[in-house]
Amino acid sequence: MKKALALVLAAAMALSFVACGGSGTTTSTSQTGESTSTGAASTTGNASGGRVYYLNFKPEQADQWVELAAKYTEETGVPVDVVTAASGTYESTLKADMAKTDAPTLFQVNGPVGLAAWKDYCYDLSDTELYKQLTSDSFALKDGDKVAGVAYVIETYGLIYNKALLNEYIAKDYAVIEDAAEINNFDTLKAVAEDITAHKDDLGFAAFTSAGMDSSSDWRFKTHLANLPVYYEYQADGITSTEAIKGTYLENYKNVWDLYINNATCEPAMIGSKTGDDAAAEFAMGEAVFYQNGTWGYGQVTGYEVADEDMGMMPIYIGVEGEENQGLCTGSENYWCINAKASEEDIQATIDFVEWCITSETGKTGMKDMGFVCPFTGFTDEYLPENPLVLAANEDVAAGHKTVDWCFTTMPSEEWKNGVGAALLEYAQGTGDWSGVETAFVDGWATEYAAANG
């Protein structure tokens, strides 16, 4: 298993844009373990005056980052405060905290669009071990010759599925497939999902978990699902970004969205009240076969009704020609940046901390325990997470499927995503039509791109 896990890194190396939307609803947390809404970092320093303040993007690892920071402080005497922004608030929290005297020394951008807003705050990492230990230069985020950010985790998403429930369906006389491997295109996925819905009273479960549209869940659809029509348009046009998306594959986007909301654990009109926790619980308790999420979601669903060996992951099919060879979506939007406007002592203290995280046994073990697949040379097999979803991602690569790039890092703004999300919700609730989604997607892209680029 561990040998297979290493394939995830090999797959991701091919990405031109290696850039998960944060999930969960945790509040900001400091090294003391106390919840805080201020994001204030400690002003206490070590003997040389250096300190680290990490504004963490990933709520699902908030407590583990606090624990790892405490171990570093115990070992070195350098204070490290970790504050985790609540889900969907990272950019606004970063803006507010950067205006403070004790600003974050370590922060995150999500790719080229995020870098454009924060490049003046990004210290050049060219001469650091953080950059030199990358397994591929494609994991560096550059501003000209400057290494402005470094990806610290590679992740994969798709349709997580319950093998036991799917096999229970397949065993029925009315099943439209005889093997899960037959689901390698949208038409077959649609046939299976609709047949499960038609027989849900007999089966006792739904096809899909709820498509919650609050801030803990909507990123799965306004960002991760929306990546598919963007990716295929980029592929068709031979580009890697655009100032004006055409929406070539928006009908495909509609078809898969319809499939999700009409074959789920709840009625479409209810998704506005559903959360990410609801979807995770529905999958974990065996109430639905399919759950759109990524490798990072394993910790939320393990230990309940679904055994690890029954967790699989398949691509999100949207009905594009040749999709039988499509793979999962693999990349990163998690780029560490060090605040260039911090003091020299704080910059060095922060460099030392992140290098300890990727080179020391304690640091690497801590990163592994967070479930991270890290693109650094020191992360040999023993530091790779034992996660069945990571194994599924590697099996997908081994099968020769084409990895889908994370093109959503080129989406023009968070406001664009919010517009698409609002339109998706209105459509699902019956208060809007699909043209609203098309307008938000196409016109909204052009507007937000122009606003961001002058």
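1. Let's start with the open space. Helix 5 is the top contributor to the lining of the largest pocket, giving six residues. Please keep in mind as you read that this is a predicted model. The pocket holds about 1100 Å³ of space, and 45 residues line it. If you want to find its centre on screen, look for Asn110, Val113, Ser413, Glu414 and Lys417, which lie nearest to that point.

2. Which elements give two or more residues to this lining? Besides helix 5 (112–118), they are helix 4 (90–98), strand 5 (106–109), helix 10 (219–225), helix 18 (414–429) and helix 19 (434–453). Sorted by class, the lining of the largest pocket contains 17 nonpolar, 18 polar and 10 charged residues.

3. The second largest pocket has a volume of about 280 Å³. Its lining is made up of 16 residues, and Tyr161, Met313, Met314, Asp396 and His401 are the closest to its centre. Strand 11 (311–314) and helix 17 (388–398) supply at least two lining residues each. In this lining, 10 residues are nonpolar, three are polar and three are charged.

4. Now to the interior. In soluble globular proteins, nonpolar side chains tend to be buried together. Here the largest nonpolar core counts 69 residues, and Leu166, Tyr169, Phe208, Tyr253 and Trp257 have the most contacts inside it.

5. Strand 12 (residues 326–331) is worth a look next, as six of its six residues are buried. On one pairing, strand 8 (residues 155–162) runs antiparallel to strand 12, joined by three bridges; there, threonine 156 sits opposite threonine 330. In another pairing, strand 12 and strand 14 (residues 402–404) run in the parallel sense over two bridges, with glutamine 326 opposite lysine 402.

6. Helix 11 (residues 227–237) is mostly covered, with eight of its 11 residues buried. Those buried residues are Asn227, Leu228, Pro229, Val230, Tyr231, Tyr232, Glu233 and Tyr234. What do they pack against? Their partners are strand 8, helix 10, helix 12 (250–262), strand 12, strand 14 and helix 19. Just past the end of helix 11, glycine 238 adopts a positive phi of about 65 degrees.

7. Is threonine 93 buried or exposed? This residue of helix 4 has a relative accessible area of 18%, so threonine 93 is buried, given that buried means under 20%. Neighbours within four places in sequence aside, threonine 93 is in contact with Leu55 and Ala85.

8. Alanine 281, in helix 13 (residues 276–284), makes a handy counterpart to end on. Its relative accessible area is 38%, so alanine 281 is partly exposed, a label for values between the 20% limit for buried and the 50% limit for exposed. Glutamate 305 lies 24 residues from alanine 281 along the chain, and their C-alpha atoms are separated by 9.8 Å.

Notes: Residues numbered from 1 in each chain as written. Predicted model: local features only at pLDDT ≥ 70, side-chain atom pairs only at ≥ 80, totals over all residues. Heavy atoms only, no water. Core = buried A, V, L, I, M, F, W, Y, C linked by side-chain atoms within 4.5 Å. Buried < 20%, exposed > 50% of the residue type's maximum accessible area, 1.4 Å probe, protein only. 1 Å grid on protein atoms, 1.4 Å probe; cavity = no way out; pocket = protein on both sides within 12 Å on 5 of 7 lines; lining within 4 Å. Points joined across faces, edges and corners; volume = space filled by probe spheres on them. Helix = DSSP H or I, 4+ residues; strand = E, 2+ residues; numbered from the N terminus. Nonpolar A, V, L, I, M, F, W, Y, C, P; charged D, E, K, R; others polar. Pairing = 2+ DSSP bridges. Contact = heavy atoms within 4.5 Å.
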